[in-house]
Amino acid sequence: MKSCLLNHQGASPARRRDGELDQELVDDLGLDDLFDAMASGDEFIRGVVRQLLPDSLRTVDQIRYRQAVLRDCLQNQSTVRELYHGAVDCLNREKQVWRGLFTKHIESMRSRSVEVLGIFLEGLTNLRSLAERARHDFESDGFGELFDLFTQELSDEYLDTMRKHLRRMELRSGVQLSAALGDENQGRAYRLHMPEKQKPGWWERVTGGSATGYTFKIDERDESGARALSELRARGIENAVHALAESADHVHDFLVALRTDLAFYLGCLNLHTALTDAGAPLSFPVPRQRAELAFAARDLRDVVLLLRSGSGVVGNDVESSGRPLVIVTGANQGGKSTFLRSCGIAQLMAQAGLFVTAESLSSSVCDRIFTHYRREEDDEMESGKFDEELRRLRNITESATAASMVLFNESFAATNESEGSEIALEVLEALCAAGVRVFCVTHMYALSAALARRGTGAVTFLRADRDADGNRSFRLVAGAPRPTSHGQDLYRMIFDSAGRSP
Amino acid sequence: MRANPLQPAAEDSSTGCAFSILYPDAGAVPPLPDEDPAYFADLNLDQVVEELTAGYAEHRLAPFFRHPEQDPAVVGYRQAVLHELDTVPEPSDQVWNFVAAMRSVRGCLGRARDMHCRYQQQACFLRAAQRYCQGVRQFGAAVESMRVTSSGLRSLVDFLTRYRASKAFVSLEQRAGEVDQALAAIRYCVHIKGSRVRVSGYGDEPDYGAEIRRTFQKFAQEKAAERRTRRSDGLELNHVEMAVLELVAKLYPEPFALLERFNSEFADFVDETISSFDREVHFYLAYLEFIDPLRQAGLRFCFPVVSTSGKEVEAGQTFDIALAHKLTQANKTVVCNDLRLHDRERILVITGPNQGGKTTMARTFAQVHYLAALGLLVPGSEARVYLFDQLFTHFEHGENLGDLRGKLQDDLLRMRSILDTATDRSIVILNELFTSTSMADASEMGTEILLRMIELGCLCVCVTFIDELSRLGKATVSMVSVVDPEDPAIRTYQLVRRPADGHSYAEAIAEKYGLTYDRIKERVLR
């Protein structure tokens with residue numbers, strides 16, 4: 001019994017990830033703001049989205065599957081929250097059951113397991129009736145499967161069987177066990193047999209159920225005998241108690257899995273609310289096949305800016321379908337980095353099955369997104385910094401596949417421009433030739449010019465521009481690179497606005 | 001309880017054994033000494049034997065290591081067996097498996113003795129017999145299919161073939177199997193309610209734990225962990241369990257009767273030759289185990305050519321095995337040296353700076369001869385040694401330092417007794433003779449002693465600070481411990497055949513600190 005809200009039943013589990021590169025992605029794209037908005041104060045939700053967002057889905061179908069579930073969630077917010085809190089309550093109540101000082105002790109393990117499973121039984125019963133009530137309000141395959149699971153697997157009959165096991169395992173009328181002889185004639189392979197089967201007839205009452213047998217009694221004053229007897233009893237019920245404890249673990253694991261799935265969608269709902277409040281355009285992206293190398297957006301806005309400042313965030317239009325490389329050049333502080341981040345986050349959200357902050361987005365799936373940003377905060381010697389940059393790039397190229405996407409932000413700038421350009425050119429061309437999609441922000445004219453000379457068939461050039469007055473619009477336009485970055489603008493702005501400098 | 005059938009007979013000469021892996025003639029096993037030879041401590045061989053035998057106390061291996069052989073046939077017999085165990089992986093693995101099986105047999109018998117409940121004693125005894133049968137059968141089958149060449153291992157294979165077909169072994173194995181099956185078929189029920197316990201037969205009742213598992217299995221996620229039931233092995237029964245076991249025996253009398261009968265009929269099931277082999281073969285195993293880390297560290301061992309006629313001695317790149325053991329454990333380098341006695345050379349006189357490895361060299365000489373006489377691999381890349389009749393050591397003993405006169409007397413008495421007993425076939429190791437008297441006296445007495453040795457014709461190593469002793473004619477040869485000319489503070493522990501030259505070490509040290517004649521003069525005059 002598996003919750004299937006995130007992926008199809010039987011989908012392959014998430015692969016193991018390189019934590020360091022994921023952390024770089026989170027830092028470079030400023031994803032913590034996004035996670036905070038999704039968590040909305042719930043640490044569990046934050047943990048789940050932190051793990052799931054960088055772990056991109058890999059096919060168009062998988063993305064559509066989640067989008068459908070998310071649409072259902074948006075339509076039935078209160079039911080989804082009720083489901084989530086149902087699972088959470090159950091697990092919280094479990095946590096409160098006293099674990100006892102001797103958790104390894106069989107008798108305390110038995111009573112705890114009976115109690116915990118009692119709580120779970122109640123919780124599962126509630127979840128099932130909720131599922132029955134809500135079944136017709138949901139349209140997605142994901143919720144359909146989950147609700148079917150509840151109604152089929154948690155039938156009245158099944159819940160009744162559970163209840164019976166819990167009652168029997170209270171072991172009120174003694175225990176019936178069997179054993180074989182071990183190597184040293186000690187008892188081994190103990191089994192517990194059905195406690196409290198049915199009411200025994202008078203003959204069984206006299207003989208204990210079997211035709212031949214011998215009985216003895218432990219003397220009331222024989223304390224060590226009583227202890228030995230309870231040890232024997234413990235050994236006899238041990239296997240069944242472990243089965244019971246394992247069962248409690250299983251149901252616990254199921255509830256945790258369900259809570260995890262629902263936490264993801266609750267995070268999406270929270271984010272949806274926050275972005276709607278910020279006045280963002282929200283749409284479900286159209287996932288495209290990888291070979292199309294599609295990336296086309298209208299009014300694409302940066303989520304981080306939206307969450308921070310709300311209104312006044314400028315959107316961009318991009319059309320780069322069929323070209324693996326996007327080069328962004330132009331004025332300093334002209335919105336290049338913001339634009340790069342908005343592309344990265346949009347791709348990431350799309351790949352997780354979320355809506356995006358754009359009027360529309362149509363993008364090919366990739367298997368993983370990497371970021372390679374210049375590390376401004378490193379106050380090292382230039383050469384050490386360049387070393388470090390190349391080491392990170394080496395890590396990325398070790399983890400990336402042909403289906404990946406890499407975002408470069410002012411990379412290779414830790415050395416002189418001609419050297420940096422040369423290396424960058426080789427890296428970018430190698431990546432693109434391998435099939436990797438690359439977004440690259442650079443002020444190195446030598447690089448962009450060299451790429452431009454090779455023809456624009458494989459490259460989309462975008463430029464952060466200024467209008468005739470020298471004011472930045474923060475809007476990018478398609479256009480070939482120009483020789484100077486607009487550092488002098490910045491210089492002029494700072495000095496002119498403060499009056500003539502002395 | 002009965003006597004442990006594996007307890008070796010008090011008498012070491014294993015009279016009833018069909019063969020011995022240590023002696024070509026199983027009937028001619030000499031009595032082995034109970035105490036270390038007098039020279040053991042001087043040569044540090046006591047440490048080696050203690051270390052070697054430490055893991056095998058039950059086999060009482062030390063006596064084997066205390067008896068150097070004088071018969072080249074015995075040495076050759078052992079060298080062939082050891083060579084095969086050392087170089088051919090299969091027989092050696094099989095022997096290790098076999099001795100492990102025998103250890104487990106002893107373990108079971110030990111448990112049988114320790115148990116209080118009769119049925120448990122009998123069960124442990126049965127397991128011992130089963131392991132014994134299994135061990136013997138596997139070992140026999142394995143070595144039979146191998147091509148062994150040493151006559152020791154060939155005799156073993158022949159013996160095992162005969163023994164496995166013997167009536168005693170066949171019926172032991174068969175009966176043990178029958179009893180085992182009968183016991184394994186038993187399953188019984190226990191009903192516990194309050195203080196009342198009822199034991200009855202098992203009627204195919206289903207396992208309730210399995211039913212619970214089935215019911216809840218559907219919730220299991222991918223990474224669900226299974227809780228393991230404790231194994232109840234190795235526990236002695238408490239009195240309630242004993243009472244239950246008594247009733248089980250009452251419910252199923254037949255298997256328990258079989259068990260009882262098996263115990264009394266096969267009380268001494270371990271064959272004497274098998275048991276003796278198990279003990280003797282540890283002589284080789286323990287030694288190979290001991291030298292293994294030394295070889296790992298790059299040190300070499302070889303089978304020496306042994307001779308009872310010529311007294312030429314050669315040992316290339318040899319070393320002190322006791323010291324090497326310690327150094328290797330501490331990850332330190334072991335220095336190897338060459339030993340040579342040619343033609344009429346009989347007496348090796350070692351001089352040189354203190355702590356330069358002189359005594360180590362003397363020990364090495366004796367150890368190589370001693371280990372060779374045991375039929376073992378000796379330290380070195382190649383070796384030719386003489387099979388001695390007796391070995392004597394004369395080392396300084398720290399006690400009585402206050403009483404110098406008494407000490408000199410003691411030294412001379414010990415020397416006298418050596419000279420009285422030693423023959424031309426003996427080896428004598430003299431370490432720092434007569435240090436408790438004046439140099440002139442020591443030189444004179446030392447010369448006297450060595451001349452007697454030369455006359456006797458024995459092999460001798462003499463560590464001394466008196467250079468003259470190395471110049472007593474063709475029988476003596478000088479070896480000097482050398483120093484590193486670059487940095488004399490570093491001890492090389494290298495010894496070379498070279499005339500004793502007195503003060504090379506001191507000169508080198510002086511040079512290093514700029515304290516030579518010329519340099520002092522130069523400095524003072526400046």
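Mentor: Start with one pair: B:Tyr188 stands opposite B:Gly201 in S2(B). The model is predicted, so local features need pLDDT of at least 70 and side-chain atom pairs count only at pLDDT 80 or more, while totals for chains, interfaces and linings use all residues. Residues are numbered from 1 along each chain as its sequence is written, and chains are lettered from A and ligands numbered from 1 in the order in which they are written.

Trainee: How do you know that S1(B) and S2(B) pair?

Mentor: Two strands pair if DSSP finds at least two bridges between them. S1(B) and S2(B), the latter spanning residues 196-201, have six bridges in the antiparallel sense, so they meet the definition. Strands here are DSSP runs of E with at least two residues, and helices are runs of H or I with at least four, numbered from the N terminus.

Trainee: What makes S1(A) and S1(B) a pair?

Mentor: Again six bridges, antiparallel; there A:Ala180 stands opposite B:Arg187.

Trainee: Why do S2 and S3 of chain A count as edges?

Mentor: The open sheet of five strands runs S2(A)-S1(A)-S1(B)-S2(B)-S3(A), with antiparallel pairing. S2(A) and S3(A) each have a single partner strand, so one side of each lacks a neighbour in the sheet. The twist averages 25° from one strand to the next.

Trainee: What packs on the sheet?

Mentor: H10(A) does, touching S1 and S2 of both chains, and its direction makes about 70° with that of S2(A). Axes are lines fitted to C-alpha atoms, for helices over the stretch in contact, and angles run from 0 to 180 degrees between N-to-C directions.

Trainee: Which residues of H8(B) are called buried?

Mentor: B:Tyr208, B:Gly209, B:Ile212, B:Arg213 and B:Phe216. Buried means that 20 or more other C-beta atoms, placed from the backbone, lie within 10 Å of the residue's own; 12 or fewer is exposed, and in between is partly exposed. They cover an arc of only 145° around the axis, which puts them on the same side of H8(B); the arc is that of the directions from the helix axis to the C-beta atoms.

Trainee: What do the buried residues of H8(B) pack against?

Mentor: H8, S2 and H10 of chain A.

Trainee: How many residues does each chain give to the contact?

Mentor: Chain A gives 60 and chain B 53. H10(A) gives the most to the chain A side, with 23 residues. Residues are in contact if their C-beta atoms, placed from the backbone, lie within 7 Å.

Note on methods: Contact = placed C-beta atoms within 7 Å.
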